[in-house]
Amino acid sequence: MAARAALIMLATSPSATDYLPLALQCRTQNEFNKLHIQLENILAPVEFTHFADLAGKQLLPERSCAWLKKIEGLSPGLFDAPQAFTRRSLSENVLLYQDPRREAADKSLLVGFAGDARRLMVPISVFLQCLDSRAWDVVLLRKGRQKRSYSKGVEGVSRSLPAVLRYVRSAVSAQQYRRIVTLGTSGGAFFAVLGAILIDAARGISICGAPPKSPLGLRLRCRLALHRAFAERKPEFEFVYGAGHDRDRIAALAMQGSLGGRLRSVEGVDDHNPLAPLLMRGELAAFLESILA
Amino acid sequence: MSDSVRDVLLGAISAARYGAPPPPAIAAAIAAGDRETRLDQLRFDSLAWMEFCISVELQSGQELTPEDITNMQYLFEIEEWLRARL
């Protein structure tokens with residue numbers, strides 16, 4: 001019972017400075033893994049310098065060092081030259097990553113729709129390290145604990161997807177940015193494409209997305225139709241999938257069939273996660289640059 | 001009457017799929033006590049295996065780890081591991 005209670009308690013969103021006491025509280029490997037999955041889902045690159053300090057002072061337990069070594073293996077520049085994104089919670093499930101020293105007018109805004117694992121297929125710090133913090137701010141939307149579909153909004157913000165996008169526009173003063181791009185992975189991917197319409201983005205990118213099994217609600221469909229009819233500019237859509245993953249390929253074709261846009265297959269990938277193999281091949285930064293351009 | 005060990009397995013597979021139910025073929029194999037279903041048929045990545053093991057521990061209090069699973073090839077081995085401890 002104690003193990004179960006401890007695991008349930010490790011459910012908040014810790015900050016890097018809270019790390020050592022939380023890590024030392026973990027009695028089992030699974031408790032440790034649960035904490036570190038949550039950390040990987042939220043921490044910005046610069047927050048890892050705190051961990052590097054602790055490791056340098058030999059204050060970290062062995063499995064923490066093993067975890068840091070894993071992260072460094074995924075993103076070799078993360079500790080030495082982290083991208084200058086800092087993290088701010090706009091809401092429990094809406095996180096803003098930005099270099100506050102740079103003007104928004106000089107940057108583009110990426111609105112990310114995380115999948116059911118509450119990440120963009122790789123730890124968020126690893127994803128951000130592949131971007132240029134001088135050129136991008138990132139708002140990350142996550143599903144809440146109930147894993148409700150984005151068609152029903154975002155927990156803690158609104159039960160309406162259009163209202164969520166209005167919230168994002170207002171919270172970050174989206175009109176300041178040079179352009180807006182939306183990107184979603186897996187369970188967030190289809191809604192990133194819809195979000196591109198609702199937030200007047202330049203581009204909407206689906207990575208291994210699929211149309212939802214249930215039809216969209218009437219209100220949302222009407223809102224989308226109105227936006228598409230009266231938008232000054234229509235977003236470009238891109239549908240990314242692993243070339244060897246038939247289900248994702250078929251889903252991408254289906255979405256392209258109804259929304260238009262471009263297909264982008266990732267060669268040498270037969271998993272429902274093309275970003276991880278791209279990362280392991282050292283190609284993720286270049287790939288993101290090409291689809292976000 | 002449900003089998004609590006198989007319920008733990010099914011719950012953990014669902015947790016590793018972020019709430020999606022186990023694939024029908026896997027659920028049927030577990031219910032039938034199948035000994036042929038390989039772990040790689042679940043197509044879990046390392047993150048999913050962590051979620052699986054976390055769920056097993058939350059449900060049963062038993063500390064099955066991803067490292068334990070690297071020594072297994074079949075789903076029935078996890079079931080037997082649990083039965084030996086519950």
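Is A:R281 buried, partly exposed or exposed, and what is its relative accessible area? A:R281 is partly exposed, with a relative accessible area of 38%. The structure discussed here is a predicted model. Over all chains it holds 21 salt bridges and 14 aromatic pairs.

**Aromatic pairs and cluster in chain A**

- Among the aromatic pairs found in the whole structure, which number 14, is the one between A:F48 and A:F79.
- The rings of A:F48 and A:F79 are arranged edge-to-face, with 5.8 Å from centre to centre and 85° between the planes.
- A:F48 belongs to helix α4 (residues 48-56) of chain A, whereas A:F79 is in the loop between α5 (62-74) and β1 (86-91), so the pair ties together parts that are 31 residues apart in sequence.
- Both A:F48 and A:F79 are buried.
- One aromatic cluster is formed by A:Y19, A:F48, A:F51, A:W67 and A:F79.

**Helix α5 of chain A**

- α5(A) consists of 13 residues and reaches 19 Å from its first C-alpha to its last, which is close to the 18 Å expected at 1.5 Å a residue.
- The buried residues in α5(A) include A:S64, A:W67, A:L68, A:I71 and A:L74.
- These residues cover an arc of only 115° around the axis, which puts them on the same side of α5(A).
- In general, an α-helix has 3.6 residues a turn, so residues three or four places apart point the same way.
- A:E62, A:K69 and A:G73 are exposed residues on the face of α5(A) that is turned away from its buried side.
- A:W67, one of the buried residues of α5(A), is also a member of the aromatic cluster that contains A:F48 and A:F79.

- A:E47 is located in the loop between α3 (29-42) and α4 of chain A.
- With a relative accessible area of 16%, A:E47 is buried.
- A polar atom of the A:E47 side chain lies 2.8 Å from the backbone nitrogen of A:A44.
- The side chain of A:E47 is also joined to that of A:R87 by a polar contact of 2.9 Å.

**Salt bridges in chain A**

- A salt bridge of 3.2 Å, N to O, brings together the side chains of A:R281 and A:E283.
- A network of salt bridges links A:R203, A:E236, A:E238, A:R262 and A:R264.

**Charged side chains in chain B**

- The side chains of B:E79 and B:R83 meet in a salt bridge with an N to O distance of 2.8 Å.
- B:E79 and B:R83 are 4 residues apart in helix α5 (residues 75-83) of chain B, and are therefore separated by about one helical turn.
- B:E79 counts as buried at 10% relative accessibility, whereas B:R83 is partly exposed, with a relative accessible area of 36%.
- B:R38 and B:D40 are joined through their side chains by a salt bridge of 3.5 Å, N to O.
- The charged end of B:R38 also sits over the ring of B:Y74, at 5.4 Å from its centre.
- B:R38 is partly exposed, and its relative accessible area is 31%.
- B:R35 lies over the face of B:F76, 3.9 Å from the ring centre.

**Positive phi angles in chain A**

- A:S186 has a positive phi of about 50°, although A:S186 is not a glycine.
- A:S186 is placed in the loop between β5 (180-185) and α8 (189-198) of chain A.
- At 26% relative accessibility, A:S186 counts as partly exposed.
- A:C208, likewise a residue other than glycine, has a positive phi near 60°.
- The loop between β6 (203-207) and α9 (218-230) of chain A contains A:C208.
- A:C208 counts as buried, at 3% relative accessibility.

Note on methods
Residues numbered from 1 in each chain as written. Chains lettered and ligands numbered in written order. Predicted model: local features only at pLDDT ≥ 70, side-chain atom pairs only at ≥ 80, totals over all residues. Heavy atoms only, no water. Phe/Tyr/Trp six-rings, centres within 6.5 Å; stacked < 30°, edge-to-face > 60°. Helix = DSSP H or I, 4+ residues; strand = E, 2+ residues; numbered from the N terminus. Buried < 20%, exposed > 50% of the residue type's maximum accessible area, 1.4 Å probe, protein only. Lys NZ or Arg CZ within 6 Å of the ring centre and 35° of its normal. Salt bridge = Lys/Arg side-chain N within 4 Å of Asp/Glu carboxyl O. Polar contact = N/O pair within 3.5 Å; in protein donor to acceptor, adjacent residues only side chain to side chain. Expected span 1.5 Å × (residues − 1). Arc of directions from axis to C-beta.
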